[in-house]
Amino acid sequence: MSASIPPIPAPSPPPPNNWVAAVAQGSFWLCLLVTLYFLAQALMAAALARTEFWTTLVTVAWEQQLDGSLWWMLKHPAATSLLVALLCLVSTLASWGMWRGRRWGLWAYVWMLGLSALANFVIAWWMDRLLLVLIALLASDPSAQHELQVQRVLFTLTLVGTSVLFAGLQGWLGWRLLRPDIRCRFR
């Protein structure tokens, strides 16, 4: 009598690639660090806003009719820092949720990718608008004004190009995170 051949064990499936956890963890720690930085900046800005130098700076900005958003940021530096810290805190929470495998964390993270991509374009537009005003104030000589305009255009093109690059990368990452094989890992 011959013994039957034992069944060959099936190979175990490879462990899932855990790049999502690595991205989420890195993003969490970076966002937390940036949040803490802006909270510390808010404390320093609150102290700085009380100085005579800062009051003079705000007055000059008002008299020169600088952009209203810039004037508001100069007038309320601590509030500006706290608003940025709040946005960073939302990103921190989204990263934490994704790191912990929560479905809400995944969706919040993807939304934050999209919103930050959009914000890059808004910031590029805002900086260009601000530079136009500053060039008009600072350069009275036509040749200096022309040179500053060329530098403004190059700076704006660099910002827009970087925004396009990051939007592409963020869009790719968002698309990758929403694929069914990744989404099924979140509860």
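The model is a predicted one. Cys 88 takes part in no disulfide, and the nearest cysteine sulfur, that of Cys 31, lies 6.6 Å away. A disulfide would need the two sulfur atoms within 2.5 Å. Cys 88 has a relative accessibility of 14% and therefore counts as buried, the cut-off being under 20%. Cys 184 has a relative accessibility of 59% and so counts as exposed, the threshold here being over 50%.

The protein chain contains 7 helices and 0 strands. Read from the N terminus, its elements follow the order α-α-α-α-α-α-α. The radius of gyration is 25 Å, well over the 16 Å given by the globule rule for 187 residues, so the protein chain is more spread out than a compact globule. Along the principal axes, the C-alpha atoms fill a box of roughly 105 × 40 × 20 Å.

Of the 187 residues, 28% count as buried. The accessible surface of the protein chain is about 12,700 Å². Carbon and sulfur atoms contribute 73% of that surface. Among contacts with a separation of 6 or more, 72% join residues 24 or more positions apart.

Charge placement was also computed. The protein chain carries 12 positive and 7 negative charges, and their mean positions are 28 Å apart.

Asp 128 sits in helix H5, which spans residues 103-138. Its relative accessibility is 17%, so Asp 128 counts as buried. Leaving aside residues up to four places away in sequence, Asp 128 touches Arg 152 and Thr 156.

Notes:
Residues are numbered from 1 along each chain as its sequence is written. This is a predicted model: local features need pLDDT of at least 70, side-chain atom pairs count only at pLDDT 80 or more; totals for chains, interfaces and linings use all residues. Side-chain values use heavy atoms; hydrogens and water are left out. Helices (H or I, at least four residues) and strands (E, at least two) are DSSP runs, numbered from the N terminus. Buried means under 20% relative accessible area, exposed over 50%, partly exposed in between (1.4 Å probe, protein chains only). Contact means heavy atoms within 4.5 Å. The radius of gyration is taken over C-alpha atoms; the globule rule is 2.2 Å times the number of residues to the power 0.38. Accessible areas come from the Shrake-Rupley method with a 1.4 Å probe; for residues, only the protein chains shown count as cover. Lys and Arg count as positive and Asp and Glu as negative; His and the chain ends are not counted. The place of a charge is taken as NZ of Lys, CZ of Arg, CG of Asp or CD of Glu.
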